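Here's a quick tour of this model. Have the sequence and the 3D view open as you read.

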Amino acid sequence: MATVTKTWNFASDAEGFVDVGDTGKIAFEYDSSTGYPSSGSVRFNQTFNGSSSERARTGTGVTWETWGVPAGSTVTSANITFYAKKNMSSGFTSVTFKARILNSSDTTVHSAGDIYSATISATTWGALYTGTSRNIDSSYQASSTNVKMEIAVDPITTTTALSRYLNIDTIVLTITYTTSSATAKNRRTPENNRLGSRSAK
Ligand SMILES: [Ca+2]
């Protein structure tokens, strides 16, 4: 097994994440004014009372290979870490953040559940949030599979109007995969290495 990471740090733009436009009552935006550990982040911005949901996802034409997996490999699992904060606590009662990987038809490629699904309570940056490692379903394990990263608030609930932001930064997607050469390396125990060295003489 080997791993590769794909990082979105939002230094200058939303790096391909686009608002899916579920309700029109929450905007997905780039925010150059704040981030962690470096400036620039993305945010969900709710401007009305009540409860609503929104998703944003990366574009088409991306495969596991685009995210760094060697061609011909088999992707077995994925997990994420990220930083998050909401801009105020009072009147901003619940923000559940979710993350998942979709295929080209917007079907989740890990049927066991979202990679992340939990309430965000922090109003300052600093806590590193870690998701749940999910096995990739067998039909989506080929490195050439088209994939998208989707992030969502489901829901944001507010009790007062005006802007309520949930900022997200430094999403690190760790992808675990196997290749035929990696499998051979795993068989190379210390004893096998010594034998191999002798036979080379
Ligand atoms: Ca950043």
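## Sheet

Strand 7 and strand 8 run antiparallel and are joined by four bridges (strands are DSSP runs of E, at least two residues long, numbered from the N terminus). One of the pairs to look for is Ala99 with its bridge partner in strand 8, Tyr116.

Step back and you'll find five strands in an open sheet, ordered 2-5-11-7-8, with antiparallel pairing; two strands count as paired if DSSP finds at least two bridges between them. Strand 2 (18–19) and strand 8 (116–119) are the edges, each pairing on one side only.

Numbering starts from 1 along each chain as its sequence is written.

The protein chain averages a pLDDT (the predictor's confidence in each residue, from 0 to 100) of 88, and 88% of the residues score at least 70. Residues 189–201 stay under 50, and the model has two contacts for them beyond four places in sequence. Where pLDDT is low, the predicted coordinates should not be read in detail.

## Core

The largest nonpolar core has 41 residues, and Val153, Leu166 and Ile175 touch the most other members. Strand 12 gives the most to this core, with seven residues. Such a core is a set of buried Ala, Val, Leu, Ile, Met, Phe, Trp, Tyr and Cys residues joined through C-beta atoms within 7 Å; buried means 20 or more other C-beta atoms within 10 Å of a residue's own, with C-beta atoms placed from the backbone.

Methods:
This is a predicted model: local features need pLDDT of at least 70, side-chain atom pairs count only at pLDDT 80 or more; totals for chains, interfaces and linings use all residues. A residue is buried if 20 or more other C-beta atoms lie within 10 Å of its own, exposed if 12 or fewer, and partly exposed in between; C-beta atoms are placed from the backbone. Two residues are in contact if their C-beta atoms, placed from the backbone, lie within 7 Å.
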